[in-house]
Amino acid sequence: MKKISFIILFFFVSAFVLPMTVFFIMNFQDNPKKNGKNKENTEEISVYFHQDKSTVEMPMEEYLCGVVSAEMPASFELEALKAQAVAARSYAVHRMKNPNSDHPDAAVCTDYTHCKAYKTMQEAKDGWGKDADKFSKKIENAVYSTQGEVITYDGEVALAVFHSQSGGGRTENSADVWGGNVPYLVSVESHGEENAPNFYSSAVFSFDEFKTAVLSKFPDANISSKADIGEIKRSQGGSVSSVCVGGVEISGKDMRSLFNLRSSCFEISAQDDTVSFEVTGYGHGVGMSQYGANTMAKEGYNYVQILTHYYTGTQVEGV
């Protein structure tokens, strides 16, 4: 009789209890909102939508899902997406504490050239196509599983800027790009970007086009031939700090802007009647490299290790 009872109990556990246990565990892991991190437990942030010039109060995590969807490919490793979520949250919280005069009624805006890019979840799903459900869950996982976590330095929330690809194998010192030293935004090694799409790019201009563009901003430059394009100085991160053109020192940042280059990490050459730029990387180069973060995630690093690598001397902690 005991044997029969044991067999019945065994089959009951195998058929009902074990599958239900597995279901709840998997559901708990896949849905971080059920781990005390959910839409009912989130602060609000004011967002300026630059397209229609409206300001909207919205839950922080909803906003971050839109930022991560717009800023980083959803096909990236989950740990890289988590790093992106925490970096974006840190940037947003920092802006909440330090308002920008360009949109005084909102902490952040949706103009990527000013704050961070943003997509509604529907816009993101339209772009993801058949992978929409899978990617939307992945983005939500990255955001909600790190809910409330920010990067801090010396007890203050960090201004966690980021970029797509470092062009010279290292990130840039903030002082070399924008001036002013930020202790956690210093040059660190970053690898793996060379395999990113469009890591290498080029731009070719006639000599007259080059001359006209330079003189439009630097009228004192004396440009008459290709010999007037002189010495290049580079930053620790490998980008162009300055290039001498017609006796005038022009920053790499200005050259990038004048010729719409993907980054300030470039070589310049003049042949016959053309001037060519060979460019590596994409973005300003300061802070976390998104493709570098994905490389680290593939190598087994978690999001905290990724963030503390790119933001020197920082910690990741709850708000």
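I started with Asp154, which counts as exposed because its relative accessible area is 72%; the classes are buried under 20%, exposed over 50% and partly exposed in between, with a 1.4 Å probe and protein chains only. Asp154 sits in the loop between strand 4 (149-153) and strand 5 (156-157). Helices (H or I, at least four residues) and strands (E, at least two) are DSSP runs, numbered from the N terminus. I noted a phi near 55° for Asp154, a positive value in a residue other than glycine.

A note on the source: this is a predicted model, in which local features need pLDDT of at least 70 and side-chain atom pairs count only at pLDDT 80 or more, while totals for chains, interfaces and linings use all residues. Residues are numbered from 1 along each chain as its sequence is written, and side-chain values use heavy atoms, with hydrogens and water left out.

Next I looked at Lys53, where phi is positive, about 55°, although Lys53 is not a glycine. I found Lys53 in the loop between strand 1 (44-49) and strand 2. With a relative accessible area of 65%, Lys53 is exposed.

I then moved to Pro59, which belongs to strand 2 (residues 54-59). Pro59 is partly exposed, as its relative accessible area is 23%. From Pro59 to Ser46 I read 8.8 Å, C-alpha to C-alpha, across 13 residues of sequence.

Gly169 was another stop, in the loop between strand 6 (162-163) and helix 6 (174-177). Its relative accessible area is 32%, so Gly169 is partly exposed.

Cys115 is in no disulfide, and the nearest cysteine sulfur, that of Cys109, is 3.6 Å away. Cys115 is buried because its relative accessibility is 6%. Cys65 is buried too, at 5%.

Last, I checked Glu209 in helix 7 (residues 207-217). At 47% relative accessibility, Glu209 is partly exposed.

Notes: A disulfide is a pair of cysteine sulfur atoms within 2.5 Å.
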